[in-house]
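Open the model in your viewer and keep the selection tool at hand. The tour goes stop by stop.

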Amino acid sequence: MSASAKDSSSSGLWFKDGTLVLRAGGSSFRIYGGFLADRSPAFRDILGLPESKDAPQIDGCPVVELSDGENDLRCFLKALFDYDFFPPYPAKTDFATLSGIIRLSTKYRVESLRQRALAHLSSAFPSDPTEFSPGSASWSLEGPEWLRVILFAREMSLDWIIPLAFYRVCAFCTPAQILNGVDVVSHNPNHSTADDTDSNTTHIELNPADKLMCIQQSISLGKSASADILNFLWEPASIPSCQRSSGSGGGGLTPDNASQLSGRNNNWGASDNGSLRSPTLDGVTGKWRCTQARFMLRKEAEAWRSSSSSNNSGSGSFPLTLFTPADFAQLERDVCAGCMAAMRTAHQHALDTFWDGLPRRFGLPGWKELEEIKESVLEGPH
């Protein structure tokens, strides 16, 4: 047995009674040729070709050299031979695993496995804004690693995931990372421990057109688009459905007695329990109380948005997560039910408008057409 074959045995892909050896990169995998041919029409064709007399063998097994990445092949074979390695959504997985499986299940026409992997991938990319919830995805990435998703989507023509992939790159990557790319260290996802001998560094970088689009939209998303989301705190100056009487202003309300923004974390697409806190409104009554609460919170929100946007502190300063349910809960303490209902409606309308226009920001058709593309891909070949 070769040294590379020994390495493969650690991932359970060297069967002593296997009938076929596949090689990719520096690894060899001894598996069952009949099992593979039964599930993959492409491998059925490959293995059906006549063998030459001088074809390489290991322990009497024919050896097939493949051009695939060894980690892609490892994940693909593990998913085929061990169902528990890659169970269906909503079981947790990671991007390196699911992207390798999608790549090779498409190439080798293993449709059921491809569908399973695409369902995992799609869990992070809804086409309906009501389904935009980071916790619903079966996988996640950190910061500039989202660049990998754009490259993968372009490679595999998965257009429906591109709008939100670009959105996250704009939110989590600095201009320098977008322009110059980043070096990503990846480890074998099938090994329980990772060391320097079990990892490799890959430089990932967008094409020039995508770089330009990201830079332009990262500015727009962090400034004008986010400002539009907050307009419900500013306009109209007085909400017609306010249920309070005229009241009085109370001269003690100043920026100095408005509470400061609490911290928000920078995880993928979410705010933590910290939220915008409404100002102290002691002595302010009637309609003026609702108006002042909105105006002061808008001022705090704008200050936080500008600061976090300039510091690339994550998607919390971007439209989809700029104003959260926790923020509404804080605001609800100081405004009447009529104003709250009007503001919720206005905020949702602003979100819907932004969501509807998101694909076109990145040169794509609308969500309806992208959803049709998604359904066509998920249905597979007929």
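Rings of Phe, Tyr and Trp, the last by its six-membered ring, count as a pair if their centres lie within 6.5 Å. With that in mind, select F95, F125, W139, W146 and F152: they form one aromatic cluster. Note that this is a predicted model.

**Aromatic pairs**

The structure holds 20 aromatic pairs. Next, pick Y167 and F318. Their ring centres are 5.9 Å apart and the planes stand at 85°, so this pair is edge-to-face; the cut-off for that class is over 60 degrees. Where do Y167 and F318 lie? Y167 is in helix α8 (residues 162-172), while F318 is in the loop between α12 and α13 (325-331), so the pair ties together parts 151 residues apart in sequence. Check the surface too: are Y167 and F318 buried or exposed? Both are buried.

**Charges over rings**

Select F35 and R39. The charged end of R39 sits over the F35 ring, 3.6 Å from its centre. Then move to F328 and R344. Here the charged end of R344 sits over the ring of F328, at 4.6 Å from the ring centre.

**The cavity**

How many cavities of 30 Å³ or more are there? The count is one. The largest cavity holds about 30 Å³ of space. To find it, select its lining: S238, I239, C242, K287, C290, T291, R294 and C339. Colour the lining by residue class and you get four nonpolar, two polar and two charged residues. Now show helix α12 (residues 286-310). This helix gives the largest share of the lining, four residues.

**Cis peptide bonds**

Zoom to Y89 and P90. A cis peptide bond joins them, with omega about 20°. P90 is in the loop between α4 (70-81) and α5 (95-107). Go on to E235 and P236. The bond from E235 to P236 is cis as well, with omega near -5°. P236 is found in the loop between α11 (224-229) and α12.

**Positive phi**

Which phi does D59 have? A positive one, about 50°, although D59 is not a glycine. D59 is in the loop between β3 (57-58) and β4 (61-65). With a relative accessible area of 53%, D59 is exposed.

Last stop: R109. Its phi is near 60°, positive in a residue other than glycine. R109 lies in the loop between α5 and α6 (111-122). The relative accessible area of R109 is 44%, so R109 counts as partly exposed.

Key:
Residues numbered from 1 in each chain as written. Predicted model: local features only at pLDDT ≥ 70, side-chain atom pairs only at ≥ 80, totals over all residues. Heavy atoms only, no water. 1 Å grid on protein atoms, 1.4 Å probe; cavity = no way out; pocket = protein on both sides within 12 Å on 5 of 7 lines; lining within 4 Å. Points joined across faces, edges and corners; volume = space filled by probe spheres on them. Helix = DSSP H or I, 4+ residues; strand = E, 2+ residues; numbered from the N terminus. Nonpolar A, V, L, I, M, F, W, Y, C, P; charged D, E, K, R; others polar. Buried < 20%, exposed > 50% of the residue type's maximum accessible area, 1.4 Å probe, protein only. Phe/Tyr/Trp six-rings, centres within 6.5 Å; stacked < 30°, edge-to-face > 60°. Lys NZ or Arg CZ within 6 Å of the ring centre and 35° of its normal.
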